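Have the coordinates open while you read.

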Amino acid sequence: MKNQLKINSEFFYKDPYSFFREARELSPVLYTELFQRTGWLVTGYKEAESILKDSRFIKEETKVVPQDKQTIPKSIMPAISLNRKMMLFRDAPDHTRLRNLVNKAFTPKMVENLRTTVNEIADYLITNMRGKATHELISDFSYLLPVFVITDLLGVPKEDRDLFRRWSDAFIKFIDFNTTIEDLELVTKDIVEASNYFRNLISERRRQSKEDLISSLIHAEESGDKLTEDEMIASCLLLLIAGHETTVNLITNGYYLLLKHPQQYKVLKNDRSLIPSAIEEILRFESPVIFTSRWAAEDFDFLSNSIKKGDLFMVSLGGANYDSSVTNNPEEFDITRKNIKHLSFSTGPHFCLGAPLARLEGQIAIEKLLHHLDNPVLIEEPTRRANVAFRGFNHLRIRANIK
Ligand code: HEM
């Protein structure tokens, strides 16, 4: 039976956690309507964790939802087919093949080697903020840092970096829960443009390889298997978008939280060894990705619920992070917590491939902001971006002297 939990998007963007608490109190796995979707809303930590690790919950909708219920207009098909080539929307064995290939080009060692680059980029951005009394932190710093890092890593020329904001906005709109077919039609054009861009860049690298991730992807090979051209384009686009839409929110959410909790700010400023755990608490408290989804692959019983093949599971990572059966006083932001548990990078086979890079960028960004920004104050209360799955701000305006 469908539950009638009511939520309006304005309220949700401001405070999704009260809504998740209300849902969890009704049931940690609740059949309900949510924005444009109907399915099982999962807000319990253990329940979310077991779904994400269980191969009966899958990513490929086409395998389980009957063709006649997949009412996809032709006009958005190009973007849909590109999405379906991304590892994020695939299941084993294709998921495993794609992930292993990209993993070869994207190793933790390679990420650790990026420490100097990330530091240099952060210093460069801070230098550009000097001489101004007020700053919009997203456009001055937290958007640019991950974009510079991921475009450098992929091998996107510097002069093309600006193209990606529109393409990336289009993509996150495309995968959000709260989008209408009209929205999707509008953004499909941008997604096709982005894929043409990568098609050209890949053929350039085929002619002349460089020291970058695109060239490594071209060479990456496993058991004689290669990425098809479309899979390679989809992987580049996924890395690019996953690589900055999320990290910009980690940095901005994190700095905002510290400004709103002056005591915690002081503790962290005086003891930088707490930065890694502060980043984990920021991830838990304001997860940049608050939702992901899965489809039931078959009919089965799950936690006393009768699940039907093709049922949608809207897994709330942000909701799970606030489950008091796993975290004491989850509504308290505390950077000194021990053994922080969160699902912000998901878990199971789709565990975020970029987690080591995201952590590195988050840690360096917060350290630089703490070190260089003197007496920072919020100029106004920021507003949230209108997106259900990705949690970030439109702007973060602050006043601070830059050391
Ligand atoms: C704070 C920053 C980040 C957060 C919160 C985040 C979160 C996530 C989450 C929740 C998933 C899995 C979704 C699911 O299970 O359905 C995911 C997957 C992924 N992420 Fe991240 N991510 C971040 C940064 C990055 C970065 C920097 C990169 C790469 C440069 C990246 C690349 C990926 C890729 C390729 C996948 C797909 C993995 C797969 O399907 O096997 N992410 N990320």
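Two strands count as paired if DSSP finds at least two bridges between them. The strands themselves (E, at least two residues) and the helices (H or I, at least four) are DSSP runs, numbered from the N terminus.

A quick word on provenance: this is a predicted model, where local features need pLDDT of at least 70, side-chain atom pairs count only at pLDDT 80 or more, and totals for chains, interfaces and linings use all residues. Residues are numbered from 1 along each chain as its sequence is written, and side-chain values use heavy atoms, with hydrogens and water left out.

**The iron site**

Which protein atom reaches the iron of the ligand as a donor? Just one does: the SG of Cys352, at 2.3 Å, is the only protein donor. Donors here are N, O and S atoms within 2.8 Å of the metal (3.2 Å for Na, K and Ca), and since water is not among the atoms, sites may look incomplete. Cys352 sits in the loop that runs between α16 (317–320) and α17 (355–372).

Is strand β8 (residues 312–316) enclosed or open? Five of its five residues are buried, so the rest of the structure largely encloses it. Buried means under 20% relative accessible area, exposed means over 50%, and partly exposed is in between (1.4 Å probe, protein chains only). Both faces of β8 are covered, with Leu312, Met314 and Ser316 buried on one side and Phe313 and Val315 buried on the other.

β8 pairs with β2 (residues 37–42) in parallel fashion, through three bridges. With β5 the pairing is antiparallel, and five bridges join the two strands.

**A three-stranded sheet**

There's also an open sheet of three strands, ordered β4-β10-β9 with antiparallel pairing. β4 (134–136) and β9 are the edge strands with a single partner strand each, so one side of each has no neighbour in the sheet. From one strand to the next, the twist averages 35°. Angles run from 0 to 180 degrees between N-to-C directions, and axes are lines fitted to C-alpha atoms, for helices over the stretch in contact.

Four bridges hold the antiparallel pair β9 and β10, and Leu378 stands opposite Ile398 in β10. Helix α13 lies across β9 and β10, running at about 85° to β9.

**Salt bridges**

How many salt bridges does the model have? The count comes to 25, taking a salt bridge as a side-chain nitrogen of Lys or Arg within 4 Å of a carboxyl oxygen of Asp or Glu. Here are three of them, with the N to O distances.

| Pair | N to O distance |
|---|---|
| Arg97 – Asp94 | 3.3 Å |
| Lys260 – Glu381 | 3.0 Å |
| Arg391 – Glu286 | 2.7 Å |

Arg97 and Asp94 are three residues apart in helix α5 (residues 94–105), so about one helical turn separates them. Arg97 is buried at 15% relative accessible area, while Asp94 is partly exposed at 28%. Both belong to a salt-bridge network that links Arg90, Asp94, Arg97 and Glu231.

What does the Lys260 and Glu381 salt bridge connect? Lys260 is in helix α13 (residues 229–260) and Glu381 is in the loop between β9 (373–378) and β10 (397–402), so the pair ties together parts 121 residues apart in sequence. Lys260 is partly exposed at 41%, and Glu381 is partly exposed at 46%.

Arg391 and Glu286 also form a salt bridge. Arg391 lies in the loop between β9 and β10 and Glu286 in the loop between α15 (275–285) and β5 (291–296), so this pair ties together parts 105 residues apart in sequence. Both Arg391 and Glu286 are buried.

**Tyr17**

Tyr17 touches both of those residues: its contacts include Glu286 and Arg391, along with Phe285, Ser287, Ile290, Gly318 and Tyr322, leaving out residues up to four places away in sequence. Contact means heavy atoms within 4.5 Å. Tyr17 belongs to helix α2 (residues 16–26) and counts as buried, at 8% relative accessibility. A polar atom of the Tyr17 side chain lies 3.2 Å from the backbone oxygen of Phe285.

How values were computed:
A polar contact is a pair of N or O atoms within 3.5 Å; within protein, one must be able to donate a hydrogen and the other to accept it, and residues adjacent in sequence count only if both atoms are side-chain atoms.
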